[in-house]
Amino acid sequence: MGQVVMSEILVLGGLGLVMGLVLVLPFSVRWVEEELEGFLLLMGCAAVTMSGLWSRSLAAEVLRQPAAIAAGVFVFGLAFERGRGYLYAGVLRFSAAVGMRAFLFLLVVGLR
């Protein structure tokens, strides 16, 4: 009985440490701020390892999700790069048509 309680206390302490690192490091360490996704993935893997909850389906999901996010970022980045000139020309035309003050007003209201 004492062995199980000590093990649970260690797991909870480790998970508390992970939570503390996740709450503090992104605001205090520049590298963590710049590489936030990788840091959070690492902290998530540490938490799952401490908890002993790894499974095949979880490991597959860990590998699949970053790949899907990276593919989405690549596709939208490429689309934006290709369409940036058209977007710029359209913004210039629209701002000239309605006036700069009205354009800025509509932009602020629209982004809200």
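**Helix packing and overall build**

Author: Happy to: helix 4 passes helix 5 in a right-handed crossing. A crossing is right-handed if the near helix is turned clockwise from the far one by less than a right angle, and left-handed if anticlockwise. Helices here are DSSP runs of H or I with at least four residues, strands are E runs of at least two, and both are numbered from the N terminus.

Reader: Before we go on, what kind of model is this?

Author: This is a predicted model, where local features need pLDDT of at least 70, side-chain atom pairs count only at pLDDT 80 or more, and totals for chains, interfaces and linings use all residues. Residues are numbered from 1 along each chain as its sequence is written, and side-chain values use heavy atoms, with hydrogens and water left out.

Reader: Thanks! At what angle do helix 4 and helix 5 pack?

Author: Helix 4 (residues 56-98) and helix 5 (residues 100-111) pack at about 120°, and their axes are 6 Å apart. That makes helix 4 oblique to helix 5. The axes are lines fitted to C-alpha atoms, for helices over the stretch in contact, with angles running from 0 to 180 degrees between N-to-C directions. Under 35 degrees counts as roughly parallel, over 145 as roughly antiparallel, 65 to 115 as roughly perpendicular, and the rest as oblique.

Reader: Which residues meet there?

Author: From helix 4 come V91, F94, S95 and V98, and from helix 5 M100, A102, F103 and L106. The residues of this contact divide into seven nonpolar, one polar and no charged. Contact means heavy atoms within 4.5 Å.

Reader: OK, zooming out: how many helices and strands does the chain have?

Author: Five helices and zero strands. The radius of gyration, taken over C-alpha atoms, is 23 Å, well over the 13 Å that the globule rule gives for 112 residues, so the chain is more spread out than a compact globule. That rule is 2.2 Å times the number of residues to the power 0.38. The C-alpha atoms fill a box of roughly 75 × 30 × 25 Å along the principal axes.

Reader: And how much of the chain is buried?

Author: Buried residues make up 9% of the 112. Buried means under 20% relative accessible area, exposed over 50%, and partly exposed in between, with a 1.4 Å probe and protein chains only.

Reader: Switching topic: where is G52, and how far is it from V98?

Author: G52 is found in the loop between helix 3 (36-51) and helix 4, and is exposed at 59% relative accessible area. G52 and V98 are 46 residues apart in sequence and 61 Å apart in space, C-alpha to C-alpha.

Reader: What does L58 touch?

Author: Leaving aside neighbours within four places in sequence, L58 is in contact with V48 and L53. L58 sits in helix 4 and is partly exposed at 28% relative accessibility.

Reader: Last one: is R30 buried or exposed?

Author: R30, in helix 2 (residues 30-34), counts as exposed, at 59% relative accessibility.

Note on methods
Nonpolar A, V, L, I, M, F, W, Y, C, P; charged D, E, K, R; others polar.
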